[in-house]
Amino acid sequence: MKSSFKLGRILGIEIGIHASWFIIFALLSWSLSVAYYPSIDENISPFTGWTLGILSSLLLFGSVLAHELGHSFIAIRQGIPVKSIDLFIFGGVSNLTKEPDNPAAEFRMAISGPAVSIVLALVFWVFQIVFSSQNATLAGVFLYLAQINAMLAIFNLIPGFPLDGGRVLRAIIWNASNDIRRATRISAGVGLGFAYLLIFGGIAAAFLGIGISGLWLALIGWFLASAAQGSFQQTVISEILREVNISRVMKREFKTIEPDNTLYQALHEYILPLNQRALPVFENGKLAGLISLSDIKKIPTNQLNQTSVRQAMTPFEKLRTVGPEEHLGNVLNLLQSEDINQLPVLSEGKLIGLISRTDLIEYLQMRQEIETGQLNSKH
Ligand SMILES: [Zn+2]
């Protein structure tokens, strides 16, 4: 989620607020000012009520930020830089540059946010006791903040991924099974189950007359469900990118062309009828280069008949190639950083396959579909 407003930096982390957050800020300030504080002190002036309402909302915002800073602080100590913290309608989120690579790091990072919230809840609770005999209204502010921080801790500790509790559960299963994908599938499954519970429970509650709060729960559930599915897919994709060799995805069957063919022939006798965007160019039984649709597009149409493949191809010396053992992630990075659409796969100097960006993305989509199906049937 992109932030609309940048607040500044803490510990080098950019703090941003999404536009949706202002809706919640306004609603909260309003309900505290006209309902909560007048219920503590019925003689409260509208000015004091609103001042306390806005102040409490700002402190709630500070509490959510402190929770996220707890995560970020531990992440940085584990060697994971944090890009930004974004606050939005449902709370906050820390944007890490990468996921933790071991269960212990994941556990420490996940637990640190709720730990901050619990400490804050206790501190505000003590303030509330101290002030209760002197200033009931001020004690009310502290009571509210103690409750909010306790709720932040409890809600986030629900063991459904990607909530903090779900990350704790994932770290525990990951540690026991040494299988991050299985750990993610189980904890995201719990997350999805919990999200559905919120959705259906919320809708049922709305019909039973609890109204707006029920719909609010359903909305949070809907948000959690898509987050659980999204983070599971992300884990699956990064796992596949790290583990699968290019030899499993590359095309082994393809046509080749000779350098003295014209570009017109390359286009109309090979590329279009074969639906093959790139052709390896062979001369005397050796790979001499690669001619692709993008190379041909650079030549004016009326010159395709006079231009040879040799003149337009990427010659072997300039060609980027990969070995069959290369992982998908590295190949994808290479395709993107060099802005090319396909690569020849070479084994011991011999061409054994072709890999294109389209093949790679289709393979990822297929795997993602299969794994997401597993998530939905196993919760
Ligand atoms: Zn958290």
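Colleague: Which protein residues are the donors of the zinc ion?

Modeller: In this predicted model, the donor atoms lie 2.0 to 2.7 Å from the zinc ion.

Colleague: How is the site of the zinc ion classed from the angles among its four donor atoms?

Modeller: The angles run from 54 to 150°. Four donors count as tetrahedral only if all angles lie between 85 and 135 degrees, and the range of 54 to 150° goes beyond those limits. The site is classed as irregular.

Colleague: How are the donor residues spaced in sequence, and how many residues apart are the parts that His 71 and Asp 164 tie together?

Modeller: The spacing of the donor residues reads H-x3-H-x92-D. His 71 belongs to helix α2, residues 46-77, and Asp 164 to helix α5, residues 164-177, so this pair links parts whose separation in sequence is 93 residues.

Colleague: Are His 71 and Asp 164 buried or exposed?

Modeller: A residue counts as buried under 20% relative accessible area. His 71 has 9% and Asp 164 has 8%. For His 71 the class is therefore buried, and for Asp 164 it is likewise buried.

Colleague: Which element gives the most to the nonpolar patch on the surface?

Modeller: The patch is formed by Ile 23, Leu 27, Trp 30, Val 34, Trp 50, Ile 54 and Leu 58, with about 660 Å² of accessible area together. Two or more of its residues come from each of α1 (19-40) and α2. Leu 27, one of the patch residues, lies in helix α1 and is partly exposed, at 46% relative accessible area. With four residues, the element that gives the most is α1.

Colleague: Where is Ile 158 found, and how far apart in space are Ile 158 and Val 190?

Modeller: Ile 158 sits in the loop between α4 (136-156) and α5. Its relative accessible area is 21%, which makes Ile 158 partly exposed. Ile 158 and Val 190 are 32 residues apart in sequence, and their C-alpha to C-alpha distance is 9.3 Å.

Colleague: Which residues does UniProt list for "domain: CBS"?

Modeller: The UniProt entry is unreviewed. Over residues 250-307, the chain is 29% helix and 22% strand, and the end C-alpha atoms are 30 Å apart. For "domain: CBS", the record lists residues 250-307 and 313-372.

Technical notes: Residues numbered from 1 in each chain as written. Predicted model: local features only at pLDDT ≥ 70, side-chain atom pairs only at ≥ 80, totals over all residues. Heavy atoms only, no water. UniProt positions renumbered as here; feature names shortened; annotations may be inferred. Donors = N, O, S within 2.8 Å, 3.2 Å for Na, K, Ca; no water. Tetrahedral: all angles 85-135°; square planar, octahedral: opposite > 155°, others 65-115°. Buried < 20%, exposed > 50% of the residue type's maximum accessible area, 1.4 Å probe, protein only. Patch = residues over 30% accessible without salt bridge, like charges linked within 9 Å, V, L, I, M, F, W, Y side chains within 5 Å. Areas by Shrake-Rupley, 256 points an atom, 1.4 Å probe, with all protein chains shown as cover. Salt bridge = Lys/Arg side-chain N within 4 Å of Asp/Glu carboxyl O.
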